[in-house]
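Okay, thanks for making time, everyone. Let me put today's model up on the screen and then walk you through it.

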Amino acid sequence: MNSCHQCETLISKYIEGELDYNSKLQIEKHLRDCQPCASKVNNFKVLRKNLGELSSITVSADFDTILRANIRIEKRRERHKRASLFYPWKVRVPIYGMSLALVVFVLIMVFSQTSNRNLYSPQAAMNPEWKNGLVIQQNLSSGAITVYSLDRESAIDVISQHTSKYLDEQNMAVATNADSSTLAVNRKLNNLSGNIYQTSMSY
Amino acid sequence: MAIEGKGNRPTDEDLIERFQNGDLYAFDLIVKRYKNQLLNFIFRFLGNTEESEDLVQETFLRVYRNRTAYQKVAKFSTWIYTIAGNLAKTELRKRKRRRFFSISELGYNEKDYDISDDAYNPERYVDSKMKEEIIHEQIIALSAKFREVILLRDVQQLSYEEISKIVNIPLGTVKSRVNRGRLKLQEKLKYLLER
């Protein structure tokens, strides 16, 4: 042991019996020759004793009552948390997926209605022939014929005259031996445009 | 029935396991075992009884809330002391911020903050109660890192290994920190220790 500084670093190990035999002999030799270090070692021992004997304080009488109340609040919080997680993600994901799909479907339907109204109804209403309750439009380049009518029967009659084909009125479907793609009846407009019926066909 | 600790006294680890399985009585036993130990640890750390008791309450609430997080590989005592120690350190940080704002608001006045060394005139303190108060004040005056390890080692009498886990520093660092803390304390309390 060469210095007091070295001794200082080893005091705790010394008083707690953690030094090996040689280190212990060295420090004891130093302590015999160095009064300040010997005094420190003694102070360490007294200090440890005093710290270990510090009087203990105890919790207040209502500590347990307060803790129980806090635990009750905590339990309620946990129950609430569990309730919000009642459905596991394996169930929640399909439910959310289906809900999302339903919303998208409804949006598409609404958008489709709006587009159809914008496309057909004003167009028909602006036509000078509309006052007669029947409008027949033909696209010259494609030859497609679109019929707007206030009543369904008239629209079907017009199409029938033009095509000489038989139309099943009940279903508003086209019964034809010809290629069905050449004759289309737009059923959707029966509902979408209120009382305006539109049928169309192309050759 | 699970085999419990020596005699009929279940170990802390048995109790927390029972509590994890829904036995609330086991939680009550844990509270009974640790409430005063933790109060003394936090009180010696912070120096305020009321705040300390609040933090002990919060410690048990956190044990309750995080009961599933505890794993039997660790000693329960190190786990609960870690929670209590972290709460105490957080409280210290809050105090520092509050003090900072408080000083900022008042403006610096040397007279307000100059604590005279004469406050610890040895002749004023004769009985053991006074002696204890002086020791307590000097523990509080230590920096938090020394205070924590001194309290855990010399007041709570935990092993160096446990302290190393609680404070989350290497074993060698704990030992040297304890030694340095004791050196500082004995320097401050020299007049008292050599009486």
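By salt bridge I mean a side-chain nitrogen of Lys or Arg within 4 Å of a carboxyl oxygen of Asp or Glu.

Quick housekeeping. This is a predicted model, so local features need pLDDT of at least 70 and side-chain atom pairs count only at pLDDT 80 or more, while totals for chains, interfaces and linings use all residues. Residues are numbered from 1 along each chain as its sequence is written, chains are lettered from A and ligands numbered from 1 in the order in which they are written, and side-chain values use heavy atoms, with hydrogens and water left out.

Now the two chains. Chain A has seven helices and five strands, in the order α-α-α-α-α-β-β-α-β-β-α-β. Chain B has ten helices and zero strands. These are DSSP runs numbered from the N terminus: helices are H or I with at least four residues, strands are E with at least two. Buried residues make up 31% of the 203 residues in chain A, and 46% of the 195 in chain B.

On to the salt bridges inside chain B. B:Arg95 pairs with B:Glu51, the closest N and O atoms being 2.5 Å apart. B:Arg95 sits in helix α4 (residues 76–106) and B:Glu51 in helix α3 (residues 49–65), so this pair ties together parts that are 44 residues apart in sequence. B:Arg95 counts as buried at 19% relative accessibility, whereas B:Glu51 is partly exposed at 22%.

Then there's B:Lys75 with B:Glu162, at 2.9 Å, N to O. B:Lys75 is in the loop between α3 and α4 and B:Glu162 in helix α8 (residues 160–167), so here the parts tied together are 87 residues apart in sequence. B:Lys75 is partly exposed at 46%, and B:Glu162 is buried at 12%.

What about the interface? 39 residues of chain B are in contact with 38 residues of chain A, contact being heavy atoms within 4.5 Å. The two chains bury about 3,400 Å² between them, 57% of it on carbon and sulfur atoms; that's the accessible area (1.4 Å probe) that two parts lose on being put together, summed over both. On the chain B side, B:Gln57, B:Arg182 and B:Leu193 lose the most area, together 18% of what that side buries.

Charges turn up here too: the rule finds seven salt bridges across the interface. One of them joins B:Asp154 to A:Arg48 at 3.3 Å between the closest N and O atoms. Both belong to a salt-bridge network that also includes A:Glu16, B:Arg153 and B:Arg182.

Last stop, helix α6 (residues 128–141) of chain B. Its buried residues include B:Ile134, B:Ile135 and B:His136. The buried residues of this helix pack against α3 (35–52) of chain A, along with α2, α7, α9 and α10 of chain B.

That's my tour, thanks.

Notes. Buried means under 20% relative accessible area, exposed over 50%, partly exposed in between (1.4 Å probe, protein chains only).
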